[in-house]
Amino acid sequence: MAATPAVRALERARVAHTLHPYDPEHPADQGHGEAAVAALGADPRQVFKTLVARVDGALTVAVVPVAGSLDLKALAAAAGGRKAAMADPADAERTTGYVLGGISPLGQRKALPTVVDESALAFPTVMVSAGRRGLQVELAPADLVRLTRARTSAIGR
C-alpha cells in the first residue's frame with residue numbers, strides 16, 4: 001500500500017499511529033465517515049471527518065466527529081471570522097490535494113487553518129482519514145492538533 005502525504009507527514013514527524021484500511025464501497029445513502037465507522041466497527045464519536053469550509057472567504061479545515069455535524073457559526077467564531085459556509089468540493093480537492101471522502105487534515109498540499117472539535121481531547125486516540133478513501137489513521141488527538149497547528153473548539157453538534 002503506497003503511503004499517502006498524510007502517512008508520510010506522520011512518519012516524518014515520528015508520530016505513533018496505526019493505519020486502518022477498509023473497503024470504501026458503501027450504500028449511496030451513507031456518507032464516507034459513516035462507512036468508515038461501519039466497516040471498522042469503531043465508535044462514531046472517536047472517528048472524525050475532515051470538512052473544508054470558507055470562513056469570511058478563506059478556506060478553513062474543520063475536524064468533527066462522524067457522530068455529529070459541523071456548526072458553521074461555531075467554526076466561524078473559532079476561526080476568528082464572522083461567516084462560514086461549506087467550500088466548493090472542487091476547491092477543497094484542489095487545495096488539499098485529496099479527493100472528497102479521503103480528505104485528511106494531515107499532509108495537505110497547502111496547509112490551511114484548522115479547527116478540531118474539542119471532543120477529540122476526551123479520547124486517548126482518534127481516527128481521521130489517512131488521505132485516501134478506505135484508509136483511516138489512528139493517533140493521539142494531541143499529535144493531530146500539533147501537526148495541523150489546529151486550535152480546538154466546540155464546533156460539532
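I began with the UniProt record, where an unreviewed entry lists residues 34–147 as "domain: YbaK/aminoacyl-tRNA synthetase-associated". Such annotations may be inferred rather than shown by experiment.

I noted that this is a predicted model, in which local features need pLDDT of at least 70 and side-chain atom pairs count only at pLDDT 80 or more, while totals for chains, interfaces and linings use all residues. Residues are numbered from 1 along each chain as its sequence is written, and side-chain values use heavy atoms, without hydrogens and water.

I looked up the span 34–147: it is 25% helix and 31% strand (DSSP runs; helices are H or I of at least four residues, strands E of at least two). Its end C-alpha atoms lie 25 Å apart.

Three strands form an open, antiparallel sheet in the order 1-7-6 (strands pair if DSSP finds at least two bridges between them). Strand 1 (18–21) and strand 6 (126–132) are at the edges with a single partner strand each, so one side of each has no neighbour in the sheet. I found four bridges between strand 1 and strand 7 (residues 135–139); one partner of Thr-18 there is Glu-138.

Then I checked the cores (sets of buried Ala, Val, Leu, Ile, Met, Phe, Trp, Tyr and Cys joined through side-chain atoms within 4.5 Å; buried means under 20% relative accessible area with a 1.4 Å probe, protein chains only). The largest has 27 residues, and Val-137 is among those with the most contacts inside it. Helix 1 (5–12) and helix 5 (141–148) are among the elements giving it two or more residues. Another core, of twelve residues, lies apart and includes Ala-53 and Leu-75.

Terms used
Buried means under 20% relative accessible area, exposed over 50%, partly exposed in between (1.4 Å probe, protein chains only).
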